[in-house]
Amino acid sequence: MQKTTDAAQLSALARRMRRTAIEMIMEAKSGHPGGSLSIAEIIVTLYFDVLRHDPANPQWKDRDRFILSKGHCCPILYAVMAECGYTPKDQLLTLRKLGSIYQGHPDVRFIPALEASTGSLGQGLSIGLGMALSAKLEQSDARTYVVLGDGEIQEGQIWEAAMFAAFHKMDNIVAIVDYNKIQLDGFTKDILDLEPLVDKWRSFGWHVLNIDGHSIPALQQAFAEASATKGKPTVIVANTIKGKGVSFMENNPKFHGAAPSKEEFAQAMAELA
Amino acid sequence: MSKTYELKMGAATREAFGKALLEVGRKNPNVVALDADLSKSTYSTYFAKEFPGRFFECGIAESNMVAIAAGLASAGKIPFASSFSAFVLNKGFEQLRVTAAFPNVNVKIVGTHSGISIGEDGPSQMSIEDLSLACSLPGFTVLSPADEVSMVALMHAATDHVGPMFIRAGRPKVPVIYEASQQFTIGKAIQLTEGTDVTLIATGLMVAESIRAAQALEAEGIHARVLDMHTIRPLDRDAIATAARETGALVVSEEHLIDAGLGVRVAQVVSETHPVPMEFVGIHNTYAESATPEQLVDKYGLLSRDVIAAAKRVLARKR
Ligand SMILES: Cc1ncc(C[n+]2csc(CCOP(=O)(O)OP(=O)(O)O)c2C)c(N)n1
Ligand SMILES: [Mg+2]
C-alpha cells in the first residue's frame, strides 16, 4: 500500500471508499450507510497517513491498533482494509452473505487484522485501553485509536473507560467521537442529548480537540497534536454529517440502517462518481 | 396427530409485542414503557406514539434502563423495558439480578431479536443464551411465545401477573399457529397435536417446525405429540411428566444454546418424574455468523428436518 500525507489524494480516496461502501450495502440489501459515510475521512486519514502498520505483517508487535467501536459501520472499514491489502477486494460485495469474511459486524474470527470484534456498543474504548496498557508494559511506542459513535457514548462503560484513561495518564490512546448527531431512533438531541460534549470530556481529564471531521488537514493536525500531547489521553470530537456525500442520506435518520432503493443507489453512485 | 395446521405466515413476535404493549397500555394506566434506542426495531414505538408521557427513551444505555424500570416497578408502575435480547439481558444482567430479581419487583423485560434468525447483522446482535440468563434469576418468570396470537395473549397475562418477567421475541415473521380464541395461562404448556409414540417439545420458532415434523412423521405412521412450551419458567412439570409417561420418548427443540436453555430444564423434570430417552435440537457450543435467516436455521440445524431426525434417533432408543 502507498501511504500519503497529500490531503487531495486522501480526499479522493475517501470518496472512492464511500462509493465502495454503498455498493457493498446495496449488494447486501442491508447495513448501515449513514455512519459509514460520516467516518470516511477519519478512517482513510488513519489507514493511509497516520497509523503505523504493515498490511503484509498484520501481527507486527509494534503496530498501531485501530478499533471501530461502532462496529455497525464496518463497510467503510472493510473497503479501506481491502484497499490497504489486508483482505481481498474482489470479495467486498459478499458483505453479510453466508460464508463471507465480511461479516455484518467486525468479527476477528473471520478477519484477525480487525483487532476487535465489535457490534455491541460501548466497549471499544475499554478494549483499546487494554491494548494501550499492554504497549506500555512492553515499552512499545505503538498507539491505539478508537472510533466511537455519538449515540454509543451514552453507554456508561465509555465514561468508566474515560476516567481510567485520564487517571492512568494514557497518552498513547486517542478516541475519536463521530459526532454526526444522529443515532438509531433519531437525533441525539431528542433521544439523550450529549451536550456540552467538549466540556464533558475535558472534565474527565482528556485533552479535547473539536474539529470538522470531514476536513483532512484538520484531522491530520489533530492526530499530530494528539501524538505530541503527553500525560493525558486525547479525544477528537469530529463534527460530521451522517450520510455525508450522498445528498438524500445526509442528516437523514432513515439511512442509519437501511440500504438504498435501486433509484437511490443510482443517484448515490452518480453523486459519488 | 388429529389436528392439522395450515401455518400461514403471520407477524413477527416483536411486532405482536408492540401491538400488545399498546393494548395493555390502553387498558391499564399503570403500564409504562422504556426502550434503549431500538424502539423502531422492538415496535415499542406504537406505545410511544400514543402515550409519549408514559414512554421513556433511555438512549443506548441498557443497564441504566433496566434499573430505572426496577425503580418504576418499586414505585407501583408496570414497566415494560425493551431492547434486543442480546443487549438488555447481557448489559443489564447485574441490574436485573440486584434491582429486579433480588428485591422481587414487578419489571417486565422484553428481549427482541432473540436467536440466530435475525440473519445478516451477525452474532454480536444475536441472543443464544438469553433463556439461560433469564432462568438463572430466581423468581423470574420466562416467556417465549411462538406466534403473534400467543404473544398478544401472554402480554395481557404478563401485565396482570405480579413479579419480574422476561419475554422473548424474534425478528422474522413467523407462521400463525393459534386461533384468536385460544386461551393461554402462564406456566401451562399447550398440546398442539395428539400422539403416543413420541413428544416434540418446543418453544419459539421451533414450535412451527415441530408441528411440521409431526405432520411428516404422521405420514410415516409415527404419531407425535407436540407441546408448545411458551413458559420456560415455571415449567409445566405435569405436561412434561405426562408426556414422558404416555409417549416414552421426548425431543426438545429451541433456537438457543442446546446445553443451557429449555432442553436441559425439561431433562431435569423428566429425570425427576419419569425417566425416558430424550434427544435435543438447538445450537451447539458456537456463535453463528452473518447470512439470511433461512440459511442460518438451515446451517445450524433448526428445521423440521432436524426435529424429525432427532425423533427417529429417540424412537430407536425407546423400547
Ligand atoms: C449495546 C448496544 N445497544 C444497541 C445497539 C443497536 N444499535 C446499533 S447502531 C445504534 C445507534 C448507534 O448510534 P451512533 O453511535 O450515533 O452511531 P452512528 O450514528 O455512527 O451510526 C444502535 C442503538 C447496539 N449495537 N449495541
Ligand atoms: Mg451517531
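A polar side-chain atom of A:D150 sits 2.5 Å from an oxygen atom of ligand 1 in this predicted model, a polar contact being a pair of N or O atoms within 3.5 Å; within protein, one must be able to donate a hydrogen and the other to accept it, and residues adjacent in sequence count only if both atoms are side-chain atoms. On its own ligand 1 exposes 600 Å², and the protein buries 99% of that (Shrake-Rupley accessible areas, 1.4 Å probe; for residues, only the protein chains shown count as cover).

Ligand 1 lies between chains A and B. Its shell holds 26 residues, the closest being A:K70, A:H72, A:D150, A:K242 and B:E62 (a residue counts if one of its heavy atoms lies within 4 Å of the ligand). By type, that shell splits into seven nonpolar, 10 polar and nine charged residues; here Ala, Val, Leu, Ile, Met, Phe, Trp, Tyr, Cys and Pro are nonpolar, Asp, Glu, Lys and Arg charged, and the others, Gly among them, polar.

As for the chains themselves, 28 residues from chain A meet 26 residues from chain B, with contact meaning heavy atoms within 4.5 Å. About 2000 Å² is buried between them, 45% of it from carbon and sulfur atoms (accessible area, 1.4 Å probe, that two parts lose on being put together, summed over both). Two salt bridges cross this interface, each a side-chain nitrogen of Lys or Arg within 4 Å of a carboxyl oxygen of Asp or Glu. One of them pairs A:E155 with B:K91, closest N and O atoms 3.8 Å apart.

Within chain B, the assignment, automatic or from a database, gives domain 1 (9–175) and domain 2 (190–318). About 2300 Å² is buried between these two domains of chain B, with 63% from carbon and sulfur atoms. B:I116, B:I128 and B:C135 supply 27% of what domain 1 buries against domain 2, more than any other three residues. Zero salt bridges turn up between the two domains.

Residues are numbered from 1 along each chain as its sequence is written, while chains are lettered from A and ligands numbered from 1 in written order. Local features need pLDDT of at least 70 and side-chain atom pairs pLDDT 80 or more, whereas totals for chains, interfaces and linings use all residues, and side-chain values use heavy atoms, leaving out hydrogens and water.
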